[in-house]
Amino acid sequence: MRDAIFGLIIGDALGVPVEFEDRQALRSNPVVDMRAYGTYMQPKGTWSDDSSMMLCLMESLTHGLDYQDQMSRFLRWADEAYMTPNDEVFDMGVSTRKALLAFAHGTPALECGATAINENGNGSLMRILPLAFFLRSTIGKNFNQGSGAYEIIHNCSSLTHAHPISMMACGIYCSIVNEIINLRALTPNRQNLIYTAVETGIDIAKNYYRGQDGFNEWLPRFRRVDADILLQLKEEDVQSTGYVIYTLEAALWCLLHTDDFKSCLLQAVNLGNDTDTVAAVTGGMAGCVYGLNALPADWVDSIVRKDMIDGLYEDFEAKMEKLTQYNA
């Protein structure tokens with residue numbers, strides 16, 4: 001759990017200084033280490049909205065499943081710089097901003113999210129990771145095989161991103177993370193683990209969506225979200241923009257085409273464009289696979305407000321352990 005949470009934050013921090021730089025520019029000057037300043041002129045180890053919103057969700061889930069509470073914490077982040085590294089909000093997505101504005105004006109949490117097809121940015125995918133651990137603790141290690149978990153995932157996405165494409169991306173991602181966790185203790189060979197977990201997680205989620213009206217019509221959009229197809233893609237075929245399906249494809253491509261944590265994160269960042277979110281989504285999965293010990297210690301130590309994150313994580317972990325014992 002800690003490996004995944006910090007994997008996401010470290011990926012985010014690696015990508016912040018070069019967000020919006022294109023792939024060609026990064027080929028000339030690739031990211032090889034934690035950088036300072038750059039796009040947002042932030043100190044080394046600074047994380048963005050991706051991690052802030054993920055931490056808000058994690059803190060909310062520590063107290064149970066409450067969509068109004070999740071949105072209230074997101075609004076505190078937007079209005080008060082709550083859960084930010086340097087008391088500054090930057091890089092807020094347009095759909096997220098619109099949803100929070102609606103919530104601030106009294107719209108119920110589950111009615112705030114964007115429903116238009118052109119509003120499928122990666123703003124819910126980037127924060128959804130803690131929900132996979134919550135669902136494992138409350139429903140069980142096979143949560144991705146039942147409809148109840150997907151309803152919760154969709155609700156958490158729909159707070160800001162309520163189109164089926166965004167919901168499905170979150171559902172597939174949580175399913176893959178769950179399969180990585182299920183296989184990690186059983187498969188010493190990490191590459192076998194990655195392929196099997198990605199393939200199985202995608203298949204389970206897609207099989208669910210095939211039987212769901214309102215979702216099955218969008219499955220063709222996820223054709224390339226497939227382990228075998230992604231393995232055959234070359235880098236030039238991978239897009240790394242903020243469109244949620246492209247973000248998911250890019251993150252999975254990096255995971256499948258590298259064989260260690262550091263290389264995986266650097267590959268994600270150096271794809272360019274939406275560098276922080278692609279690396280954050282990648283880092284959550286890579287953390288589950290490899291563990292933080294596989295990263296340079298100075299990367300981990302450079303994370304801004306690491307002590308605060310540790311405290312939030314410890315509270316979350318303790319709550320998840322209690323829920324697991326209660327539901328065993």
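Predicted model: local features only at pLDDT ≥ 70, side-chain atom pairs only at ≥ 80, totals over all residues.
A pair of packed helices is described by the angle between their axes and the distance between the axes. Helix H7, spanning residues 147-158, packs against helix H8, spanning residues 164-184, at an angle of about 125°, and their axes are 9 Å apart. That angle makes H7 oblique to H8, and the crossing of the two helices is right-handed. On the H7 side, the contact is made by Tyr-150, Ile-153, His-154, Ser-157 and Ser-158. H8 contributes Ser-166, Met-167, Cys-170, Gly-171, Cys-174 and Ser-175. Sorted by class, this contact has 5 nonpolar and 6 polar residues, with no charged ones.

Turning to the aromatic rings, a search of the whole structure finds 8 aromatic pairs. One of them joins Tyr-150 and Tyr-209 edge-to-face, at 5.6 Å centre to centre and 70° between the planes. Because Tyr-150 lies in helix H7 and Tyr-209 in helix H9 (residues 190-210), the pair ties together parts that are 59 residues apart in sequence. Tyr-150 is buried at 1% relative accessibility, and Tyr-209 is buried at 0%.

Another pair is formed by Phe-261 and Tyr-290, whose ring centres are 6.3 Å apart with planes at 25°, so the pair is stacked. Phe-261 belongs to helix H12 (residues 261-269) and Tyr-290 to helix H13 (residues 275-290), so that distant parts of the chain, 29 residues apart, are linked. Phe-261 is buried, with a relative accessible area of 0%, and Tyr-290 also counts as buried, at 15%.

Finally, ring pairs link Tyr-150, Tyr-208, Tyr-209 and Phe-215 into a cluster.

Terms used. Residues numbered from 1 in each chain as written. Heavy atoms only, no water. Axes fitted to C-alpha atoms, helices over the stretch in contact; angles between N-to-C directions. Helix = DSSP H or I, 4+ residues; strand = E, 2+ residues; numbered from the N terminus. Parallel < 35°, antiparallel > 145°, perpendicular 65-115°, else oblique. Left-handed = near helix turned anticlockwise from the far one by under 90°. Contact = heavy atoms within 4.5 Å. Nonpolar A, V, L, I, M, F, W, Y, C, P; charged D, E, K, R; others polar. Phe/Tyr/Trp six-rings, centres within 6.5 Å; stacked < 30°, edge-to-face > 60°. Buried < 20%, exposed > 50% of the residue type's maximum accessible area, 1.4 Å probe, protein only.
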